[in-house]
Amino acid sequence: MLLLEGKVAVIHGGGGSIGAAAARAFAREGARVFLAGRSLPRLEAAASAARSFGGTVEIAVVDAMDQASVDRHIDEVTDAAGRIDIALNAVGFDHLQGREIADTSLAEYLHPVTGYLQTNFVTAKAVARPMIALGSGVILTVSTPGARLTGRGLIGNAAQSAGLEGFSRALAGELGPAGVRVVCVRPHAMRDALDTSYTRQMFGRIADASGIDFDEWMDGLTGMTLLGRLPTLDEVAEFLAFAASDRAGSMTGVISNLTAGALVD
Ligand SMILES: NC(=O)c1ccc[n+]([C@@H]2O[C@H](COP(=O)([O-])OP(=O)(O)OC[C@H]3O[C@@H](n4cnc5c(N)ncnc54)[C@H](OP(=O)(O)O)[C@@H]3O)[C@@H](O)[C@H]2O)c1
C-alpha cells in the first residue's frame, strides 16, 4: 500500500523547488496531484518529472494571491476528483533580507509579510470548504527558520515566518473539530534548491553586501546546524508526504523543525 494511495493533492506554487519536489513524492506515493502555479513552463516541467514516478498530475495557471481565482480552481479540482485530501502552499518569492531597519522601507518590510500571509490565507480558505464537507484533510504550510532566529536584517522574514506559524497553529485549532489537520514545516535553506529557487538571488544579495563569497556565505548557514549540513529538497518532500499521510493522522497544530539542528526545540 502506497503512502498516499487514493488521495487527491493540490500544490500551490507547484512549479517551484519545494512544490515540484513534493509533487514527485506525492505522485510516487499514489496521490492524484493538481499543480497550480504562476508560470506554465515551470508547471509543465514539474508535472513531467512527477509523472515519471508513475502518478497522475494535472496543471493549472492560478494566481495564489487571488481568492476568486483560487476558489474557482479548487471548485474545478473538486468537480474533477470528487475530493481534496491534501493542500500544500509552496508559493515563494524574492524579498528583502539582510538590511537593517534604518535602510528598509515600509513597503520592503511588508512585502513578505503581506505576501506570504495573504497567499496562505487565500489557499487555506479555499480548501477548507471541501475538506470540512469531507470531514478530513490536511493543510501543509512552509515557514522558515526566521520565525525563531534573531540577528541583523531579518525583521520582514521573521515577522512573515512567525506570523505564518501562528496562522497555522490557529487554523489547526479552528479546523480540528472538523477532522482537518494543519502541519507547518520549517526547513532551513536547501543548497539543492538554489538552481531553481528565488533564494539564490536573495542570499546572493546578502553575501554581496557583506563582501563574502556566495559559497562561503552558504557555509556559514551550514555551520549553524548540528548535523553539519543543510536539509535537502527530497528530505523536505518526504517529510511532507509523511505528514500528509494517514500515518501522521494524530499530527496537527505542529511546526515541524527541518533545520538540521540549526534550531532546537
Ligand atoms: N528554498 C529554501 O531554501 C527554503 C527554505 C525554507 C523555507 N522555504 C520556503 O518554501 C517556500 C517555497 O520556496 P521555494 O524555494 O520552493 O521557492 P521557488 O523555487 O522560488 O518557487 C516558488 C514558486 O512559487 C510560485 N509563485 C510565486 N508567486 C505566486 C503566485 N502569486 N501565484 C502562484 N504561484 C506563485 C513561483 O512561480 P514562478 O514559477 O512563476 O516563479 C514558483 O514556482 C517559500 O515559502 C519559502 O519561504 C524555502
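How many bridges join β4 to β5?

## Strands

The model is predicted. In it, β4 and β5 run parallel and are joined by 3 bridges. One of the facing pairs places A87 opposite I139 in β5.

Strand β4 (residues 86-89) also pairs with strand β1 (residues 8-12), in the parallel sense and over 4 bridges. Here V10 has A87 as its bridge partner in β4. From β4, I86 and L88 point one way, while A87 and N89 point the other way; all are buried. In a regular strand, side chains alternate between the two faces of the sheet.

## Nonpolar core

The largest nonpolar core has 70 residues, and those that touch the most other members are A9, A22, A23, V33, L35 and L240. Beyond its neighbours within four places in sequence, A23 is in contact with I11, G14, V33, L35, A46, A50 and V57.

## Helix α5

Helix α5 covers residues 155-175. Because 21 residues at 1.5 Å a residue should span 30 Å, the 30 Å between its end C-alpha atoms agrees with expectation.

Its buried residues are G156, N157, A158, Q160, S161, L164, S168, L171 and L175. These pack against α4 (106-134), β5 (137-142), β6 (180-187) and β7 (254-258).

## Surroundings of the ligand

The ligand is surrounded by 27 residues, of which G16, S17, R38, G92 and S197 are the closest. By type, the shell holds 12 nonpolar, 12 polar and 3 charged residues. Helix α1 (residues 17-28) supplies the largest share, 3 residues.

Methods: Residues are numbered from 1 along each chain as its sequence is written. This is a predicted model: local features need pLDDT of at least 70, side-chain atom pairs count only at pLDDT 80 or more; totals for chains, interfaces and linings use all residues. A residue is near a molecule or strand if its C-beta atom, placed from the backbone, lies within 6 Å of it. Helices (H or I, at least four residues) and strands (E, at least two) are DSSP runs, numbered from the N terminus. Ala, Val, Leu, Ile, Met, Phe, Trp, Tyr, Cys and Pro count as nonpolar, Asp, Glu, Lys and Arg as charged, and the others, Gly among them, as polar. A nonpolar core is a set of buried Ala, Val, Leu, Ile, Met, Phe, Trp, Tyr and Cys residues joined through C-beta atoms within 7 Å. A residue is buried if 20 or more other C-beta atoms lie within 10 Å of its own, exposed if 12 or fewer, and partly exposed in between; C-beta atoms are placed from the backbone. Two residues are in contact if their C-beta atoms, placed from the backbone, lie within 7 Å. The expected span of a helix is 1.5 Å times one less than its number of residues. Two strands pair if DSSP finds at least two bridges between them.
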